[in-house]
Amino acid sequence: MRVALFTTCLVDALFPDAGQATVQVLEHLGQPVEFPLEQTCCGQMHANSGYFEVALVRRYVEVFSSYDAVVVPSGSCAASIHHQHPMIARAAGEHWLAKRAEAIATKTFELSQFLVDVMGTDDVGAYFPHRVTYHPTCHSIRMLGVRDRPLRLLRKVRGIDLVELPRWDQCCGFGGTFSIKNPDVSAAMLADKMEAVIMTGAEVLCAGDRSCLMHIGGGLDRIRAGIRTLHLAEILASTEPGYGTNQLPTDTAETTR
Amino acid sequence: MSAGETIWVDNPPFPANAKQAVNDAQLRRNIRNATSTIRQRRATMVEELPDWQQLRTAGAAIKDEVLAHLDRYLEQFEQAATQRGAHVHWARDADEANCIVSSLVAATGEREVIKVKSMATQEIGLVEALAKRGINAYETDLAELIVQLGHDRPSHIVVPAIHKNRREIREIFLREMGDAPADLSDDPHALAEAARRHLRRKFLQAKVAISGANFAIAETGSLLVAESEGNGRMCLTLPDTLISVVGIEKLLPTFRDLEVFLQLLPRSSTGERMNPYNSVWTGVTPGDGPQQVHIVLLDNGRTNVLRDQIGRQALRCIRCAACLNVCPVYERTGGHAYGATYPGPIGAVLTPQLVGVEHAATLPFASSLCGYCYEVCPVKIDIPTVLVKLRHDVVKAKQPSAEGALFAAAGAVMRGRRRWTRALRLAPLMRLFRHGGPPPISRWTAVRDLPEPPRQSFRDWWVSRSVTKRGDQQ
Ligand code: SF4
């Protein structure tokens, strides 16, 4: 099986740790992964702001059509590829592209979906001795339907102290450019999410989307909450010292904030 | 042509309204309390039904059938209702509808009418239009009465006074009602009792009532109003003349279809198994109830909505307000911020389509696209997708702007690998603005830090790793 990684533009540019961790988890499970350098962005930020970049849809289709599966460490971008790409192509009158986009969407998996459904495992052999709370991002549960896959993966992590996030079903208020266009409402939503996170006493907030984490983490940093944010992949890539090739807990402590 | 009160002309754009609302502590508390209660009730009622998802699918399918053959069902309805003694009128827009209703009331010689709560009459601004003709219309729904007495506007589709708590309601009653007992407490029962006494006289005197309808049955020509208080039942049965303003999308093909909708509506709207009052009437029943029955079928922009393949699903809406009650944006701004008769997620997709996106350009952006509305909508309206589609329409209709230039530039960079790779090397510049920067960055950094940029992009890491790996193999 030829598997490609679509890191998403945000991870490529600002959160390479999440991308590296995704590679490590897959390779640790014996699944080689390729990173086609022609990839850039799925176009979600544009689409959700009203700018339909059909060129980015075409690019995604062309870059990834030769692979058996594409892994995306983002529920939001995976959902955009599934639901928005065909719509954007159709809006541009490119019905053939829409068909191809639909076909590629069926081979595009968010990380937890790929691990549980394609690799058939919810135990990736990770070790992460920290108190963690998990925020299920809106697009991952409502648009994509990852359900409890990320939690199943987290529950199998050795040493983890996983605590439920109160009002976990509530949006964090990021919403892409929503956070800029409606800054006051976004800030009000963020405040409630941060309160819920802080209440858990967790030292790490985990999610499957670096975008939402950038927003919540940015808020937590601003108030010096002393809680760090990690992508699901980063926790799954953490292994016991001396076991495997990496010790992400200490690595990431330096490279993420 | 005028769309009436579909949008309120005196209202600033959503973000400005929202800024004010978000800082109104009392409003925030009132709405948070009320929505979380209804939300919980709805969830309990929905969990009870094992076939809820099938019901939603059926509801959506029935409405889609109506919308696909609206012309046929409308004529069928007109014929059936006329046969049973109702007078059917057609109104293209708010002005026409208001004109028809005013003339009908004027013809009775009455100067006072009683009203059943109705979104369609809000939308066309009927009460204001009647007032201009010297006709007083009295709202009889408790919450609508509170809004009317308070010279206020509704802020919710089902609970129009949701933004007021009982202390505020007590004050309004004492100040405006005229016949409120001087020792009125803020106990909900006492408030309801005061309203009941106030309204009773109106019910007994009124010769004309005005209503909307939740459903119109094409097969039989019947109308249905679902309500909780019984005020609707009084309005629909006591007066001689009954005038109902009904949006053309309210049709259902057959009476049997109510089986689906009378399960979907009460559970979604008030979190009840059944509405306490379901009143159905079909034309005139000689010697029983109103003997003059008028039905005004209202377009007011609906056929425009129908034209749009993605947007038309908004016409399935049964006004249950479940989407408002779960919406994180609505929860923090309340309904007035939307500056329109239909607030919340459904308002954000319906209003711009009814009046044209250029007149409500900020509404499609009044959402974080969290999708909770879609999850609860009993007729499966994919509100987030319609929002995105409308955002696209807004952008297309817009003059060239700085924002547009920024997105175009970002798009150009992302369209080419070399440009993108080079752009990523600029990431460290972000360090300058981590805790504050010029607009629009300041809108982010007002409450959040920007992340510490990485030393290396992912792709640079990947390339260097591949080089090392190859080196290892040699
Ligand atoms: S859009 Fe759906 S959830 Fe919202 S009011 Fe209409 S029917 Fe109810």
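Begin by selecting both chains: 11 salt bridges are counted between chain A and chain B, a salt bridge being a side-chain nitrogen of Lys or Arg within 4 Å of a carboxyl oxygen of Asp or Glu. This is a predicted model, in which local features need pLDDT of at least 70 and side-chain atom pairs count only at pLDDT 80 or more, while totals for chains, interfaces and linings use all residues. Residues are numbered from 1 along each chain as its sequence is written, chains are lettered from A and ligands numbered from 1 in the order in which they are written, and side-chain values use heavy atoms, with hydrogens and water left out.

**The contact between the chains**

Select Lys181(A) and Glu403(B); their side chains form a salt bridge with an N to O distance of 2.5 Å. Next, display helix α11 of chain A, residues 183-199, which supplies 9 residues, the largest share of the side of chain A that touches chain B. Helices (H or I, at least four residues) and strands (E, at least two) are DSSP runs, numbered from the N terminus. That side of chain A comprises 31 nonpolar, 21 polar and 15 charged residues. Here Ala, Val, Leu, Ile, Met, Phe, Trp, Tyr, Cys and Pro count as nonpolar, Asp, Glu, Lys and Arg as charged, and the others, Gly among them, as polar.

Now widen the selection to the whole contact (heavy atoms within 4.5 Å): 67 residues come from chain A and 66 residues from chain B. How much area do chain A and chain B bury between them? The value is about 5,800 Å², with 61% of it on carbon and sulfur atoms. Buried area is the accessible area (1.4 Å probe) that two parts lose on being put together, summed over both.

**The sheet of chain A**

Turn to chain A and select its open sheet, in which 3 strands follow the order β1-β2-β3 with parallel pairing; strands pair if DSSP finds at least two bridges between them. β1 (3-5) and β3 (108-110) of chain A stand at the edges with a single partner strand each, so one side of each has no neighbour in the sheet. From one strand to the next, the twist averages 30°. Axes are lines fitted to C-alpha atoms, for helices over the stretch in contact, and angles run from 0 to 180 degrees between N-to-C directions.

Strand β2 of chain A, residues 69-72, pairs with β3(A) over 3 bridges in the parallel sense. Centre on Val70(A), which has Thr108(A) of β3(A) opposite.

In chain B, select the open sheet of 6 strands, ordered β1-β10-β7-β4-β2-β3 and paired in parallel. Its edge strands, β1 (87-91) and β3 (136-139) of chain B, each pair on one side only. Strand β2 of chain B (residues 112-115) runs parallel to β3(B), joined by 4 bridges. Within this pair, Lys115(B) has Glu139(B) as its bridge partner in β3(B).

**Loops of chain B**

Select Glu5(B) and Arg153(B), whose side chains meet in a salt bridge at 3.4 Å, N to O. These residues are 148 residues apart: Glu5(B) is in the segment before α1 (14-22) of chain B, and Arg153(B) is in the loop between α8 (142-149) and α9 (166-176) of chain B. The loop between α8 and α9 of chain B also holds His151(B), which has a positive phi of about 50° although it is not a glycine.

Finish at Pro440(B), in the loop between α20 (417-424) and α21 (441-445) of chain B. The peptide bond from Pro439(B) to Pro440(B) is cis, with omega near 0°.
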